[in-house]
Amino acid sequence: MHRREALRALAALSLPGGLAACGGGGDGGAAIPPPAAGPAITSFTSDKADYQVGAAATVTAVFSGGTGRIDPPGLAITSGTPLALPILPAGPLRLTVTSGSTSVTRELKPNLAYRNVLQQIPMGFSRAAHVTATGAGGKLYIVGGEGGSSVAPQEVMVFDPYTEKFSSAGMLATGRFAHTVTALPDGTLLVLGGSRTVSGTPSAERFDPATGKTRAMAGQPAANRQYHTATLLADGKVLIAGGQVAGSAAGWRTAEIYDPANDSFTPLGASMQYGRWGHVALPLSGNKVLLYGSRPIVGGYAPAEIYDAAAKTFTAVAGPDAQSRNDARALVLASGEVLLTGGEQADGYPYQSIVRGNADGGNLRIGGQMRHARAVHAAAPLVDGRALIAGGSEDFTSRGVADTELYTPASGAVTQGPQLAVARIMHTADLLATGKVLVLGGNDRSMGLVATAELFS
């Protein structure tokens, strides 16, 4: 799941200026006219400074010397003519004015505030223990998991944050469970590992949302992994780490790198410090990755470690409960800090504590206590710096709860959030391009599949 770029608050770019004019001519020659002025932006404003998340907005740009475009959501704009946006994107609005090969930009970032409410919406399908990934245009893809039949669903579903509708995006070669999905820089999705429901299918496939088609890569992973992690690195490659050894309680110590440029999988020469599965992985600053926790494995548990992509090394680091915390929910806050909530202890009971760390993975520490212990829950960062923690099981029975909590990093305080319409476990929560959070699917208290989602705003 890769939200860091969408969460960072970007400073406004410096004001672009026009190209300098020049002129002159030789004795007896015709005067040389000055070149045409290049694109220039005079102003870029919104109708208000403050909005509620998900609200409509009107923006106006005054520019010259080119054509204008607003991203997101990718709309043309005419100079001096107000443009209505039905839903204001959460990140900075970028105005680009282009003439030929020359362009200038300016950014606008209105202030957003949450109402702290949930709105239930129908999905038209059921999913639990699925995997989500945010792709091009902010669309959220829902892949694999449990879909109500004896096999994992092959159909990839997609949620559009601007229309707030679900639709089909295409079909995989096979349904999957305990797999990973990674959105690649070109907009395609790397779908890897897990338990596959169609025999003879590749361990990894690359799904193209633009065509709805999937294909096997020229190379395939060295290990058939499940309950592993796959993390997009700053250079566009993917770190694939750990996973359960089939038919065993052991975790892989091996890791490999996927390069989307040539579809290759290359095992790393260095192994992880510890075998692990059911762990979490978070991208850090400096092109590093934090690997945290594990389910109980042969030979003990797995303390935290950091992978350094430049050095191609794994280094163990201290972290509270890292040896025994598994299936935690991990996220990157708006500040760039990392956060891990809940998860299971070795005895099956959930953790109540929250682990917090710096953007570089340093200073991993207890950052507070949730109001309730939780496992198989969901959590997502908010654009105002807080985090939403939703549903899950409060004990070892795996019966879901409808309770939500809001964590404020600045104070470490946790407050009661709105109640979910349906108690959920094995669901997901994702920050959308509009700033809303989509809480999707899962199992209810009777372990039935849930066919609704809820939008937090």
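Colleague: In which sense do β1 and strand β3 (residues 57-64) pair, and over how many bridges?

Modeller: In this predicted model, β1 and β3 pair in the antiparallel sense, over six bridges. To read a pairing, look for bridge partners. Take A40: the partner in β3 is S64.

Colleague: What is the strand order of the open sheet?

Modeller: The order is β1-β3-β6, three strands with antiparallel pairing. β1 (40-46) and β6 (83-85) each have a single partner strand, so they stand at the edges, and one side of each is left without a neighbour in the sheet. On average, neighbouring strands of this sheet are turned by 25° against each other, direction ignored.

Colleague: What does L95 touch, not counting residues up to four places away in sequence?

Modeller: L95 touches I41, F44, A61, R69, I70, I77, V104, T105 and R106.

Colleague: And the whole chain: what radius of gyration does it have, and what would a compact globule have?

Modeller: Compare the value with the globule rule. For 457 residues, a compact globule would have a radius near 23 Å; the protein chain has 24 Å, which agrees. The C-alpha atoms fill a box of roughly 90 × 45 × 45 Å along the principal axes. The chain has one helix and 39 strands. Of its 457 residues, 53% count as buried.

Methods
Residues are numbered from 1 along each chain as its sequence is written. This is a predicted model: local features need pLDDT of at least 70, side-chain atom pairs count only at pLDDT 80 or more; totals for chains, interfaces and linings use all residues. Side-chain values use heavy atoms; hydrogens and water are left out. Two strands pair if DSSP finds at least two bridges between them. Helices (H or I, at least four residues) and strands (E, at least two) are DSSP runs, numbered from the N terminus. Axes are lines fitted to C-alpha atoms, for helices over the stretch in contact, and angles run from 0 to 180 degrees between N-to-C directions. Contact means heavy atoms within 4.5 Å. The radius of gyration is taken over C-alpha atoms; the globule rule is 2.2 Å times the number of residues to the power 0.38. Buried means under 20% relative accessible area, exposed over 50%, partly exposed in between (1.4 Å probe, protein chains only).
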